[in-house]
Amino acid sequence: MKQIGDHVTIAIDGPAGSGKSTVARRVAEKLGLLYLDSGAMYRAVTVLAIQNEVENDIPKLIGLVKTCRINFEDNGKKILLNSDDVSIQIRTPEVNKLVADIAKVPEIRNEIVKHQQKIGEEGSIIAEGRDLTTIVFPDADFKFYLDASVKERAKRRFAELQAQNVDTTLEAVETEISARDEKDTSREHSPLRAAEDAIHVDTTGKTIEEVVDFIVDQISNQK
């Protein structure tokens, strides 16, 4: 098994609100890895669609995606779309409602996957999303699938939105998450599913640090 100092790829999948973003970022900090938030990339594309009013014009949106620039700064905490910081915009209810439909477009996914794989070729990373262990990095050195109950995930996402002063309700967030789950698991292209060799982690009732420590221990024990 590779050492962390080598070119190592750690992939994490899971549904919305399962904690994978926060967990992946913390693991990246502990192990000194680059953090890649694939979901934020699809959200940035959704912001791009809204900005250019092409939410319902997929061919035009595909053209924009092929030429846009999506970058991460501050180890994934800040996401830039064509050099503009869209870290707040990508988490709004408007984006929440549209992102699943945009993310299921094969041509858009293909472009984002190519970008993600290019980042992975540059060095050791921990990447999280919904098809990282199955499509983007099927040969990842370590694979994890995080999950939690819908109610638990809704509470987490609602707390995040409140902290950002986004006007919404817990009920609305739970409805959005349930709808997102259905779209993610039933889409024809790259549906959300756990890789057969992924380690399942139920984060319901667990703290972020408990999940982070578990993943770090799993990696350390398999080195």
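Student: Why is N82 called partly exposed?

Tutor: Its relative accessible area is 28%. Buried means under 20%, exposed means over 50%, and partly exposed lies in between (1.4 Å probe, protein chains only). So N82 counts as partly exposed. The model is predicted: local features need pLDDT of at least 70, side-chain atom pairs count only at pLDDT 80 or more, and totals for chains, interfaces and linings use all residues. Residues are numbered from 1 along each chain as its sequence is written, and side-chain values use heavy atoms, with hydrogens and water left out.

Student: Where is N82 found, and what is its phi?

Tutor: N82 is in the loop between β4 and β5 (84-85). Its phi is near 50°, a positive value in a residue other than glycine. Helices (H or I, at least four residues) and strands (E, at least two) are DSSP runs, numbered from the N terminus.

Student: What makes E53 count as exposed?

Tutor: The relative accessible area of E53 is 69%. Exposed means over 50%, so the label holds. E53 sits in the loop between α2 (38-51) and α3 (58-67). Its phi is positive too, about 55°, although E53 is not a glycine.

Student: How do you know that E209 and R26 form a salt bridge?

Tutor: A salt bridge is a side-chain nitrogen of Lys or Arg within 4 Å of a carboxyl oxygen of Asp or Glu. For E209 and R26 the N to O distance is 2.5 Å, so the pair qualifies. The two lie 183 residues apart: E209 in helix α9 (residues 208-222), R26 in helix α1 (residues 20-31). E209 is partly exposed at 35% relative accessible area. R26 is partly exposed as well, at 32%. R26, K30, E209 and D213 are linked in a network of salt bridges.

Student: What makes K77 and E29 a salt bridge?

Tutor: Their closest N and O atoms are 3.7 Å apart. The limit is 4 Å, so this pair counts. K77 lies in the loop between β3 and β4 (78-81) and E29 in helix α1, so the bridge ties together parts 48 residues apart in sequence. K77 has a relative accessible area of 47%, and E29 has 45%. Both values fall between 20% and 50%, so both residues are partly exposed.

Student: Is K143 buried or exposed?

Tutor: K143 is buried, with a relative accessible area of 8%. Its salt-bridge partner is D197, at 3.2 Å, N to O. D197 counts as exposed, at 52%. K143 is in strand β7 (residues 142-147) and D197 in the loop between α8 (170-186) and β8 (199-202), 54 residues apart. By the salt-bridge rule the count comes to 18.

Student: What makes E73 part of a negative patch?

Tutor: E73, D74, D84 and D85 gather in this surface patch. Patch residues have over 30% relative accessible area and no salt bridge, and like charges are joined within 9 Å. Asp and Glu count as negative. E73 is at 37%, so it passes the area cut-off. E73 is found in strand β3 (residues 70-73).

Notes:
Patches are made of residues with over 30% relative accessible area and no salt bridge: like charges are joined within 9 Å, nonpolar side chains (Val, Leu, Ile, Met, Phe, Trp, Tyr) within 5 Å. Accessible areas come from the Shrake-Rupley method with a 1.4 Å probe; for residues, only the protein chains shown count as cover. The place of a charge is taken as NZ of Lys, CZ of Arg, CG of Asp or CD of Glu.
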